[in-house]
Amino acid sequence: MHRPPVDPTLPGPRLGRLGLILVQVVVISLFAALGARLWYLQVPMADYYRELAEANHQQELVVPATRGQILDSSGRAMVNNRTELVVSADYHELQGMDDGGEAVLTELSEVLDEPVEELQQRMRLCGPEVERPCWPGSPYQPVTLAEDVEGPVALQIMERSDDFPGITAQAQALREYPYEDHAGQILGYIQPVTEEELEERDELRSRFTGIDQVGRDGLEATYDNELRGTSGLRTLGVNNHGEVMDVISDEEPVAGRHLITHLDMNIQKVAERALEQGMEQARPENIADSGAAVVMDVKNGGIVGMASLPTYDPTIWEGGVDQETFDEILSEEAGEPLLSRAVQGTYPPGSTFKIASMLAAVEDGASLRSTYACPGSVSLAGQSYENFEGSAQGSVSLRQAIIDSCNTVFYNFGYQMWQKDGGLHPDGEPDETMAETARDLGFGSPTGIDLPYETGGRIPDRDWKRTFWEETREENCERAEKGYPDVDDPSAAAYMKQLAHEHCVEGFEWRANEAINFAIGQGDVLVSPLQLATAYAAVANGGTVYEPRVVRALAEADGSEVEEIEPTVKNELPTDDETLNYLQDALTEVTKSGTGQGAFDDFPQDEISVAGKTGSADAEGRDVSSWFASYAPADDPQYAVAVLVSQGGTGGETAAPIAAEIYKGIYGFESSEDSEDVEQGDPVLPGGTPHEDLPTIREDGSIETLEP
Amino acid sequence: MLNEMGGPPRRPLELRRTVNSAAGGARRLDWILICAVMGLCVLGALLVWAATLPGDGGDPMESTEHLTRHLAHMGVALVVGLAVASIDYRTVRAYAPLVYLFTLVGLVLVLTPLGAVINGSRGWIVVAGFQYQPSELMKVGLIMVLATLLAEPRDGETRPMSRDVLFCLLVVVAPLALVALQPDLGTALVLGAIFLGMLVLSGASVFWVAGMLACGALAVAAVWVFDLLEPYQMQRLATLMDPAADPQGAGYNSAQALIAVGSGGFEGTGLFQGEQTHGRFVPEQHTDFVFTVAGEELGFLGAFAIIALIAIVLWRVLRIARACDLPYPRMVCIGVATWFGSQSFVNIGMCLGVMPVTGIPLPFVSYGGTAILANMLALGLVLGVNSRDRGFE
């Protein structure tokens with residue numbers, strides 16, 4: 001093309017041309033760089049950003065499953081779910097309002113009769129800087145503004161929904177205890193999940209709503225996974241304001257399974273009431289600070305009733321416990337009511353332990369047909385050991401030794417076995433027949449009950465002594481050297497120093513006096529009421545030690561499937577039938593003419609014969625604790641009942657009458673006590689046997705209870 | 001003035017052109033440039049439409065409110081632009097000081113209570129429902145005034161002297177300061193870029209050019225050292241260094257833009273089908289971040305087409321500049337090219353996470369009446385130059 005001639009003196013042609021070509025090159029490279037960046041983002045990185053985009057516009061909402069109920073053996077709900085009316089707000093909707101929802105909350109505060117500041121605080125999301133009251137959950141979950149709202153108030157909010165945009169009133173499920181303050185320690189409770197629990201349990205983490213609760217004790221804890229069910233997951237399409245645009249997928253929650261327990265609510269009530277009244281009567285002569293009563297089905301180890309005092313009202317957990325109440329029930333002044341004395345409490349068993357001593361003696365060679373001296377006192381290894389109140393019986397059979405609870409007979413057994421094992425310095429491996437027999441009966445290790453925090457008790461022998469010595473030696477040896485300068489009384493300090501020296505030097509020795517005391521359930525031996533019931537159940541049923549079970553079956557909420565939990569045998573006693581029958585016979589006589597006679601004076605033993613054994617256990621620095629371990633009917637045992645009253649006096653005085661009351665309740669005998677809960681004379685269970693059938697759970701979720 | 005009045009003798013070709021001026025005007029227009037701009041406008045209209053659909057992805061035909069207004073803006077702007085293109089640029093040049101002063105007054109007014117604050121920046125004047133953004137028009141005014149000053153050496157001078165450069169500096173500092181007060185850092189940057197670009201290519205002394213560049217560097221250093229930026233501006237810069245640092249806070253815009261663009265992939269989700277666009281995750285997606293809509297819905301193909309079209313526009317404008325023999329029209333073209341180039345690069349760069357987030361629109365594509373009007377005016381200036389710059393009409 002033609003161009004006008006260029007004046008070479010002008011700046012344009014000289015400078016511009018070159019500069020412009022340079023600029024064009026720069027422009028092309030800059031925009032090529034943009035194109036390359038675009039390629040990088042959209043081709044190699046596209047999948048990465050698609051994933052991010054997905055997370056961006058999809059919000060997962062966890063829909064909690066209904067927690068399963070806890071039923072007694074006939075289908076009565078001990079824990080179920082109550083619905084209450086809750087007023088909640090849509091976080092995003094209120095945030096999106098021009099005034100941040102203030103007008104709506106002000107209106108609402110008048111209807112609810114609560115200060116608007118309070119409501120505004122509850123609308124805040126909890127965080128490191130935001131303390132309660134605030135919302136601990138997800139902003140996609142309805143924010144709870146008021147719980148347990150009166151019907152008319154809720155109705156007002158529902159009807160005037162135009163005045164309350166973003167506010168809803170709806171029913172919400174809460175844990176409820178229809179029988180109120182019964183079986184608290186067995187049922188347990190649920191509490192908001194902690195950070196640690198979330199870390200430990202994958203299934204909680206994957207479907208965490210932010211307000212999840214987990215079982216913290218009792219059946220709620222042991223069967224938490226079964227009761228919990230599976231939360232549903234609703235995937236919502238949301239925009240940048242968090243407004244829900246559509247439902248992308250919806251996975252329905254699966255309700256938790258119901259627990260059908262071996263418990264019978266009425267027997268539970270009977271046991272609790274009998275224990276409470278028995279302890280009441282033991283006072284004020286005795287301290288009777290705490291107690292436990294276990295009712296076990298000897299045929300399968302099922303826990304039919306289990307009382308522990310002091311107890312508490314589980315309804316405090318309804319709708320969440322406040323800190324003050326929680327601190328109070330954890331305090332020592334309240335007697336630690338959360339603690340189940342039956343499962344977690346251990347005490348020296350006293351004479352109830354003599355079933356183990358007798359079986360051990362027979363194992364060791366003592367004859368069922370011989371007689372044994374029952375003097376007022378015996379002198380063994382240079383020390384004198386006395387009978388209870390020094391009573392002497394002359395020569396007695398083993399049977400009579402059990403009936404009258406003759407200590408001296410068993411002192412001798414203990415000493416003989418100790419000597420046989422080589423005394424202080426055993427030659428080779430000692431038999432430890434006494435300890436082994438006790439362990440066979442289930443003592444010294446957790447029974448394996450389906451409740452948390454069970455303790456195993458203690459069966460002392462040479463091994464235990466050595467372990468204990470190794471653990472305490474350092475401290476004892478230091479004390480042996482430095483003494484007790486912090487103890488004021490010089491003679492006491494000197495004695496303690498001497499003791500520390502002995503423990504330091506020869507503390508590993510299993511001494512004669514320890515073996516002798518062990519034989520009558522004293523000294524270092526510790527058992528739980530549950531262990532004792534398990535052992536007596538084994539004696540009753542012919543030698544089978546069952547793992548105790550509270551739960552009998554797990555049922556789907558729609559009844560579609562019921563999984564029965566088979567009894568688990570922990571051990572079979574090696575004892576032959578003759579010995580066991582002999583022992584059963586002796587125990588049967590205890591309530592007729594022996595130490596338990598007083599308690600069963602008015603008990604119709606011709607109808608239901610009770611076999612049992614009293615125990616009165618001494619512990620250092622404490623009053624005598626009262627025991628009664630038993631089973632009935634003696635000829636065809638069904639239930640084992642073990643009762644403990646800590647510092648409650650002798651077994652025959654306090655514990656045996658409590659057991660008698662429990663049996664009266666079970667079999668419907670006239671009780672000497674007035675009762676509000678149980679009708680006089682009607683047996684709690686017809687024929688005195690537990691239900692064979694399970695209650696039926698209908699498809700609609702309702703429960704058909706079994707008629708008594 | 002000297003060159004246009006006097007100059008070399010006329011040639012036969014020029015005679016014919018003069019004779020055929022009415023019919024030949026259209027033939028002398030740069031049709032490649034016009035097609036590229038029209039391509040950007042059409043894509044822009046579709047993207048603005050897609051960006052303003054209701055979130056639930058309803059029928060696009062039922063939510064054409066923004067589209068209609070955008071098309072109306074474009075229609076008005078096209079007419080004005082064509083008018084400017086058809087008027088002799090020397091006539092237009094005579095109005096340069098007026099345009100400049102008019103917009104300067106506008107920039108003062110936005111800082112008074114007459115100004116409206118939109119997105120944290122006091123940059124608009126609202127009159128009878130119409131929003132007018134003086135800073136967009138100022139780009140045109142500034143280019144015209146700077147071109148006049150830089151392209152008119154006095155007798156015996158062959159390039160802008162210090163006196164001219166100093167006067168230019170005065171002319172550019174006033175609007176720059178006013179825009180910075182709004183505060184609208186993006187536009188201030190573009191104004192600065194226009195000045196620097198025109199100065200560099202004006203033939204002014206290298207000392208001045210170097211001095212200005214040094215001043216620019218010093219200004220950046222001063223801003224950094226004396227902490228003159230608002231915290232949010234500092235955060236935007238920090239975000240650019242590390243986009244993942246605070247995706248919900250300062251980095252939100254940037255992170256969401258990257259997600260929208262990246263998730264589009266090679267082919268895109270299809271027009272009106274973008275999930276990110278529907279969910280409005282990227283803010284200002286019909287104005288400053290409109291490129292992300294192209295990235296998501298049209299994919300690499302569509303987004304690259306926009307980059308390519310802009311590159312074509314710049315290439316054609318610079319080509320016209322190169323063809324100019326006279327300094328004024330050349331400076332106008334250079335100014336327009338610097339403007340479109342810097343603004344497009346910063347805008348697309350921010351959508352791709354390589355430039356800090358600033359509130360400036362993508363020329364011919366973004367929604368915004370004043371911006372489109374200014375773009376079309378500039379296009380009109382360039383086209384007018386193209387059709388007439390032979391110096392003898």
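One term before we start: helices (H or I, at least four residues) and strands (E, at least two) are DSSP runs, numbered from the N terminus. Residues are numbered from 1 along each chain as its sequence is written, and chains are lettered from A, ligands from 1, in the order in which they are written. This is a predicted model, where local features need pLDDT of at least 70, side-chain atom pairs count only at pLDDT 80 or more, and totals for chains, interfaces and linings use all residues.

Let's begin with the sheet in chain A. Five strands form an open sheet, in the order E12-E11-E23-E22-E21, with antiparallel pairing. Two strands pair if DSSP finds at least two bridges between them. Which strands stand at the edges? Strand E12 (303-309) and strand E21 (611-619) of chain A do, each with a single partner strand, so one side of each has no neighbour in the sheet. From one strand to the next, the twist averages 10 degrees. Angles here run from 0 to 180 degrees between N-to-C directions, and axes are lines fitted to C-alpha atoms, for helices over the stretch in contact.

Look inside that sheet. Strand E22 (residues 622-632) and strand E23 (residues 639-646) of chain A pair in the antiparallel sense over seven bridges. A:Trp627 has A:Leu644 in E23(A) as its bridge partner. Helix H22 (residues 529-540) of chain A packs on the sheet. It touches strand E11 (290-297), E22 and E23 of chain A, and its direction makes about 150 degrees with that of E23(A). For contact, C-beta atoms, placed from the backbone, must lie within 7 Å.

Now the loops around these strands. A:Pro310 lies between E12 and helix H13 (323-330) of chain A. A cis peptide bond joins A:Leu309 to A:Pro310, with omega about -5 degrees. A:Pro633 sits in the loop between E22 and E23 of chain A. A:Ala632 and A:Pro633 are also joined by a cis peptide bond, and omega there is about -15 degrees.

Next comes A:Gln647, in the loop between E23 and helix H24 (651-667) of chain A. A:Gln647 is not a glycine, yet its phi is positive, about 50 degrees. Is A:Gln647 buried or exposed? A residue is buried if 20 or more other C-beta atoms lie within 10 Å of its own, exposed if 12 or fewer, and partly exposed in between. A:Gln647 has 21 C-beta neighbours inside 10 Å, so it counts as buried. A:Glu432, in the loop between H17 and H18 of chain A, has a positive phi of about 50 degrees too, and is not a glycine. With 23 C-beta neighbours inside 10 Å, A:Glu432 counts as buried.

On to helix H15 of chain A. Nine of its ten residues are buried, so H15(A) is largely enclosed by the rest of the structure. Among the buried ones are A:Ile355, A:Met358 and A:Val362. The cover includes H22, helix H23 (577-593) and E21 of chain A. Just after H15(A), A:Gly365 takes a positive phi of about 120 degrees.

A:Leu368 lies in the loop between helix H15 (354-363) and strand E13 (371-374) of chain A. A:Leu368 is partly exposed, with 16 other C-beta atoms within 10 Å. Its C-alpha atom is 7.5 Å from that of A:Ser397, 29 residues apart along the chain.

Now chain B, and a pair of helices. Helix H4 (residues 31-51) and helix H15 (residues 290-323) of chain B pack at about 160 degrees, with axes 9 Å apart. H4(B) and H15(B) are therefore roughly antiparallel. The cut-offs: under 35 degrees is roughly parallel, over 145 roughly antiparallel, 65 to 115 roughly perpendicular, and the rest oblique. The residues of this contact divide into 19 nonpolar, two polar and two charged. Nonpolar means Ala, Val, Leu, Ile, Met, Phe, Trp, Tyr, Cys and Pro; charged means Asp, Glu, Lys and Arg; the others, Gly among them, are polar.

Last, a hairpin. E1(B) and E2(B) form one, with two residues between them. In the turn, B:Asn119 has a positive phi of about 55 degrees. E1(B) and strand E2 (residues 121-127) of chain B pair in the antiparallel sense over four bridges. B:Ala116 stands opposite B:Trp124 in E2(B).

Note on methods: Two residues are in contact if their C-beta atoms, placed from the backbone, lie within 7 Å.
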